[in-house]
Amino acid sequence: MCSLSNAFLFIVSMLLISSTSRSQEATLVAVGNQSGAPSVMKFSELKAVLMGEKQRWKNGNRVIIALMKTNTPIGRATSLKIYDMTGDELNKFWLALVFQGKAQAPNFFNSVNELETFVAQNPGAIGILNKPLADAEIKPIMIDGQKAF
Amino acid sequence: MRRKFFCIYWIIFLALAQVSSSQSIQIKGFVDVTTTFDQKKVSFGFDEEDLFITAVVNDRISFLGESVFKYEPASPTEYGVSIERIIINYNIKGNHNLIMGKVHTPINYWNDTYHHGRVFFPTIERPILFAANIIPLHTVGIGVQGHDLGKLKFGYDLFVGNGLGSSEIVDNDKNKSVTLAVHIKPADKLRIGFSWYNDVISKGASVLGKTINWQVNQHLFSLSLSRFGKKFEVLAEGTAGFNHTDTTGLKTTFATYIYAGYKIIGKWVPYVRLDNIHYQQGEIYYNKNNMTSIVAGLRYEISYLAVVKLEYQFQHSEILNNTNIVSAQFAIGF
């Protein structure tokens with residue numbers, strides 16, 4: 001009986017660990033409006049942009065950040081992988097930055113389609129998704145030479 | 001006729017809503033309730049209701065406004081409203097901005113970063129150098145600001161304002177206050193800053209309800225170091241104030257504090273803060289009252305919009321009796 005319950009606990013633990021590591025290893029892609037963001041970036045540059053450290057792209061367009069809400073799987077993965085924060089920490093980070101008057105808040109979305117449409121319609125917009133899109137109005141951004149990271 | 005009126009009303013409403021949405025207007029706020037145990041009695045209270053609005057006006061212009069509603073015994077309604085910040089920001093180029101309006105003087109990290117947002121405060125109240133009015137909290141004027149420049153993520157603020165003794169509308173004299181602040185962020189979550197502030201306060205000026213009977217030439221030098229890491233948090237700041245009057249000569253005041261916290265088990269953060277203010281004998285611009293304070297507390301971050309803090313503070317003062325206060329605060333953002 002005891003060994004059966006131990007085995008059950010072991011399986012549950014393994015499932016939990018594997019699901020946690022899966023969310024941490026979720027693949028992300030960066031996309032941008034045709035005007036503004038470059039087609040190739042280093043991960044450190046992407047992180048700096050998404051931390052609000054850059055106000056304008058080289059062509060003069062204002063940097064507009066588009067993210068999935070932190071309670072969505074892509075939003076959670078974005079928080080962890082790019083910002084090294086939990087969703088709550090990311091929300092606090094942005095609220096503090098906006099309150100200080102140091103940056104404009106990112107635009108948060110519930111669905112990938114909304115985010116995609118927003119990036120397509122706003123010059124200078126950059127967004128994070130979980131898979132490459134077949135949308136002519138949006139360009140994929142290679143990060144450290146890779147399509148996904 | 002009535003239907004026509006409603007029709008026009010809805011058209012205007014929808015048009016305004018459209019303008020609002022295209023301007024990306026955001027309204028946020030902060031509030032807190034606090035209870036204290038002091039002098040053998042428990043008191044309940046609240047600090048202030050802080051509302052702030054941000055708006056992107058166009059590609060280069062943005063706006064930030066902050067208003068506070070707070071208890072004011074002198075007011076007929078016992079409440080007062082104050083405009084804490086009115087900032088029109090014009091993005092000049094890249095990360096360089098022109099700032100106009102009323103700002104939190106960018107003289108140190110706490111004043112520039114938290115000021116009214118108690119949900120962000122690492123402790124229940126501000127360091128005692130704020131209550132002692134060592135630094136000018138606000139400045140009305142114009143300036144330039146830059147951030148995250150180069151590998152060290154250099155930032156600067158150069159702000160010229162009306163200075164102490166002025167009203168929000170007009171300067172009381174020809175002298176202008178100047179604030180120059182620089183900082184670097186050499187490593188992740190680490191920020192080191194330095195600032196210089198100068199103002200000449202005219203004889204007869206009224207500063208925070210006190211009439212200044214001598215012309216005061218004030219220089220403030222501030223240093224700050226902050227690191228809010230995943231586990232360990234530290235914030236240390238110091239201001240050296242040099243006030244010169246013809247009567248007393250140069251008098252120096254040192255105000256410092258150091259805060260440290262360590263995140264344990266999820267959202268719990270035990271913390272301590274030590275404050276000290278030391279005035280030179282003969283100081284007449286500040287209200288000379290050497291003080292030392294020790295704060296020890298525990299913060300629980302329910303979410304990024306709700307924080308509970310429990311704190312003990314011992315304060316030793318040159319003029320008043322020593323105080324022992326236990327406080328609890330529930331601060332929220334919305």
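## Close-up views of a predicted two-chain model

View 1. Helices (H or I, at least four residues) and strands (E, at least two) are DSSP runs, numbered from the N terminus. This is a predicted model: local features need pLDDT of at least 70, side-chain atom pairs count only at pLDDT 80 or more, and totals for chains, interfaces and linings use all residues. Residues are numbered from 1 along each chain as its sequence is written, and chains are lettered from A and ligands numbered from 1 in the order in which they are written.

**View 2. Six strands of chain A form an open sheet.** The order is β2-β6-β1-β5-β3-β4, with mixed pairing. Two strands pair if DSSP finds at least two bridges between them. Which strands sit at the edges? They are β2 (40–41) and β4 (107–109) of chain A, each pairing on one side only. Strands β1 (residues 29–33) and β6 (residues 138–143) of chain A are antiparallel, with 4 bridges. There, N33(A) has I138(A) as its bridge partner.

**View 3. The largest nonpolar core has 26 residues.** A nonpolar core is a set of buried Ala, Val, Leu, Ile, Met, Phe, Trp, Tyr and Cys residues joined through C-beta atoms within 7 Å. A30(A), I65(A), A66(A) and I126(A) touch the most other members. Elements giving two or more residues are β1, α2 (43–50), β3, α3, α5, β5 and β6 of chain A. The most come from β3(A), with 5 residues. Beyond four places in sequence, A30(A) is in contact with L46(A), I126(A), I128(A), I141(A) and I143(A). Contact means that two C-beta atoms, placed from the backbone, lie within 7 Å.

**View 4. L90(A) sits in helix α4 (residues 87–99) of chain A.** Is L90(A) buried or exposed? L90(A) counts as buried because it has 24 C-beta neighbours inside 10 Å. The cut-offs are 20 or more other C-beta atoms within 10 Å for buried, 12 or fewer for exposed, and partly exposed in between, with C-beta atoms placed from the backbone. Leaving out residues up to four places away in sequence, L90(A) touches T70(A), S79(A), Y83(A) and M85(A). One of these, S79(A), is a buried residue of helix α3 (residues 73–83) of chain A. Just after α3(A), D84(A) has a positive phi of about 55 degrees.

**View 5. Strand β19 (residues 323–333) of chain B pairs with β1 (residues 26–38) of chain B.** The two are antiparallel, over 8 bridges. F37(B) stands opposite V326(B). Strand β18 (residues 306–317) of chain B also runs antiparallel to β19(B), joined by 10 bridges. K309(B) has Q329(B) as its bridge partner. With 5 residues between them, β18(B) and β19(B) form a hairpin.

**View 6. Chain A meets chain B.** In this view, 17 residues of chain A are in contact with 22 residues of chain B. The chain A side has 5 nonpolar, 5 polar and 7 charged residues. Ala, Val, Leu, Ile, Met, Phe, Trp, Tyr, Cys and Pro count as nonpolar, Asp, Glu, Lys and Arg as charged, and the others, Gly among them, as polar. The predictor gives the complex an ipTM of 0.87 and a pTM of 0.87.
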